[in-house]
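Colleague: I have a model open and some questions about it. Can we go through them one at a time?
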Amino acid sequence: MAEFREALLSASFTADGLLDLLGPTAYAALARSEAVPALRATRGGSPLETLVRLFLLQRPVPAAAAAAALPGGGLLDGLLADGWLTAEGDGLRATVDVRPYADEVAGLPSADAWVVSDLGCAVGGAGGIGSGRTAAGVERRDLVLGVGGASTTLANLTVRRPVREVLDLGSGSGVQALHAARHAQRVTATDLNPRALHFTRLTAALSGFDQVETAEGSLYEPVGDRRFDLIVSNPPFVISPAGRFTYRDGGMVGDELCRSVVRGAAAHLAPGGYCQLLANWQHVKGEDWHDRLAGWVAGTGLDAWVVQREVQDVAQYAELWLRDGGDHRGEEYAARYEEWLDGFEAAGVEGIGFGWITLRASGAAEPVVRIEEWPHPVEQPLGPHIEEWFARQDFLRTHDDAGLLAARYLLADEVVQEQIGDPGSEDPEHVVLRHNRGMRRATKVDTVGAGFVGVCDGTLAAGEIVDAIAQLLGEDAAQLRGRVPESLRLLTEQGFVEPVR
């Protein structure tokens, strides 16, 4: 593996090298599973072009070109013997997808890494899962995906800090384990699919990490009663009528698999630990989806922040995953479509929500549970902002109104004020504070709120600022002190002001 890694680095078969070779147009097309622009850009026969054609475009290459791209020490023979490559006519063809990956972790410099997965596997690709050439003898249900939009979203959401133990639950090709290995002493990757664990080990070894171990089994069963500082999961969250694909279908009724990940986290989180996952949940007729998600968290003793990013109606949802499974190309498409709709109708499901869930073992007697819908753009990576949000919850639950007024605050970076009203009017109808970082929230404030945040430089206590505003406006200071804490809690929770600790 070390020799293979050195050959890839020597040829600049890295994320940066790939972008330099292909250019932005072909690079973006490749991300959409469109190979033609990349094929046009790799006609020269250099080692990098050969590796791109071999491992990314899944095209046969001349044996001599492969030997030049993978030189020295019997590396090519070893890859053939281990099944990474196979002979085809006078050339060689890859049996796996080896994809350069810019392993970026907040607070650490970017590192070169590679993700190993099955050929022809891309969520939402033009042909569906396994529509291209795949390894001989591998059932479609057991195929292992590489890097996709969901995996990068979760990686960007994850709280990154030095920790001892991380659990990657449902590791697939090992993308989350790869990130976790950058800041953890030990990473345990679990999956129900032994082929997925094999690819996780390959991904970790090729990227130079030896602290990743694997364990086969469902959900938390492989780790017994062990506890972790961080649990990450991009689980098979698709709510489907049958468990046809291990990588995406949970094999449980409805959204029970995602609920089980949430419910089981409490028994496996170390004090202060985080559990972060992507999830789908059902919108059931006659039931508020907020209540459904609150029920998942109830009784766990964990703080929770649930964000719904999107809702699809049942027809859209079925069409998305039927395309992903390649069913849109078959004669059974209509029958399978009916099967999905029948299942949703029987369960009273009107839509499917998608979003992310963050849990934390704070140990608080009264856990904070926030469940909200936020379809608007956010700034990635969001992990640092998520960690700050939970830290602010600790502050808010330990400060009553008097404590809030006694504390000092700083205006957060990149908060701007917008005044909205009729052109030429002397006073605005209302004032909006807009945050250009993190969740990019906006909130209306009154004159007092706008004046308050404008002088939050950490030198004066909030109560002192309120007293000064009351004197300036000619209002009763005691009455104003009674009104301010409610809005101050909102401004603090949403990150417009930061308490000075």
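Colleague: Which exposed residues sit on the face of helix 13 turned away from its buried side?
Modeller: That face carries Ala334, Ala335, Glu345 and Ala346. Exposed means over 50% relative accessible area, buried under 20%, and partly exposed in between, with a 1.4 Å probe and protein chains only. Helices (H or I, at least four residues) and strands (E, at least two) are DSSP runs, numbered from the N terminus.

Colleague: What should I know about the source?
Modeller: This is a predicted model, where local features need pLDDT of at least 70, side-chain atom pairs count only at pLDDT 80 or more, and totals for chains, interfaces and linings use all residues. Residues are numbered from 1 along each chain as its sequence is written, and side-chain values use heavy atoms, with hydrogens and water left out.

Colleague: Back to helix 13. Which of its residues are buried?
Modeller: Tyr337, Trp340 and Phe344.

Colleague: What covers the buried ones?
Modeller: The cover includes helix 12 (314–324) and strand 12 (349–360).

Colleague: And what does Gly348 do just after the helix?
Modeller: Gly348 takes a positive phi of about 70°.

Colleague: Where is Met252?
Modeller: Met252 is in the loop between strand 9 (228–233) and helix 10 (256–265). At 31% relative accessibility, Met252 is partly exposed.

Colleague: What does Met252 contact, leaving aside neighbours within four places in sequence?
Modeller: Leu219, Leu257 and Ser260, with contact meaning heavy atoms within 4.5 Å.

Colleague: Last one: what does UniProt put on residues 154–281?
Modeller: The unreviewed entry annotates them as "domain: Methyltransferase small". In the model, that span is 26% helix and 30% strand, and its end C-alpha atoms lie 17 Å apart. UniProt positions are in the numbering used here, feature names are shortened, and annotations may be inferred rather than shown by experiment.
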